[in-house]
Amino acid sequence: MIKFLQALRNMRKDDDGAVTVDWVVLTAAVVSFGMLVGAVIWGQTGGLSKTIADYLGTTEVATTFAAGESL
């Protein structure tokens, strides 16, 4: 029993893996937040992209200059 308690105390003092655990949790939180923001932005841009596509689809592009015009 004494060896078990000694091993438990040693394990509590050992903090070599603590930074790795913190880094994994922090990275997971940042990635999750990025996915959440991406989902919100993706949902809001659908209507705007359709409006832009409709505008560009109906716009005529001049391929020549009118007589007498220069750059």
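Reply: Start with a definition. A salt bridge is a side-chain nitrogen of Lys or Arg within 4 Å of a carboxyl oxygen of Asp or Glu. Searching the whole structure, a predicted model, turns up 1 salt bridge.

Me: What makes D54 and K50 a salt bridge?

Reply: The closest N and O atoms of D54 and K50 are 3.2 Å apart. The cut-off is 4 Å, so the pair qualifies. Side chains of opposite charge can pair when their charged atoms come close.

Me: Where do D54 and K50 lie?

Reply: Both are in helix 2, 4 residues apart, which is about one turn of the helix.

Me: Why is K50 called exposed, and D54 partly exposed?

Reply: K50 has a relative accessible area of 52%. Exposed means over 50%, so K50 is exposed. D54 has 43%. Buried means under 20%, and partly exposed lies in between, so D54 is partly exposed.

Me: How do you know that the length of helix 2 agrees with its residue count?

Reply: Helix 2 covers residues 18-58, 41 residues in total.

Me: Why is helix 2 said to lie largely in the open?

Reply: Of its 41 residues, the number buried is 0, so helix 2 lies largely in the open.

Me: Why does M1 count as exposed?

Reply: M1 has 74% relative accessibility; the cut-off is over 50%, so M1 is exposed. M1 sits in the segment before helix 1. With F4, L5, L8 and M11, M1 forms a nonpolar surface patch of about 570 Å² accessible area together.

Terms used:
Residues are numbered from 1 along each chain as its sequence is written. This is a predicted model: local features need pLDDT of at least 70, side-chain atom pairs count only at pLDDT 80 or more; totals for chains, interfaces and linings use all residues. Side-chain values use heavy atoms; hydrogens and water are left out. Patches are made of residues with over 30% relative accessible area and no salt bridge: like charges are joined within 9 Å, nonpolar side chains (Val, Leu, Ile, Met, Phe, Trp, Tyr) within 5 Å. Accessible areas come from the Shrake-Rupley method with a 1.4 Å probe; for residues, only the protein chains shown count as cover. Helices (H or I, at least four residues) and strands (E, at least two) are DSSP runs, numbered from the N terminus. Buried means under 20% relative accessible area, exposed over 50%, partly exposed in between (1.4 Å probe, protein chains only). The expected span of a helix is 1.5 Å times one less than its number of residues.
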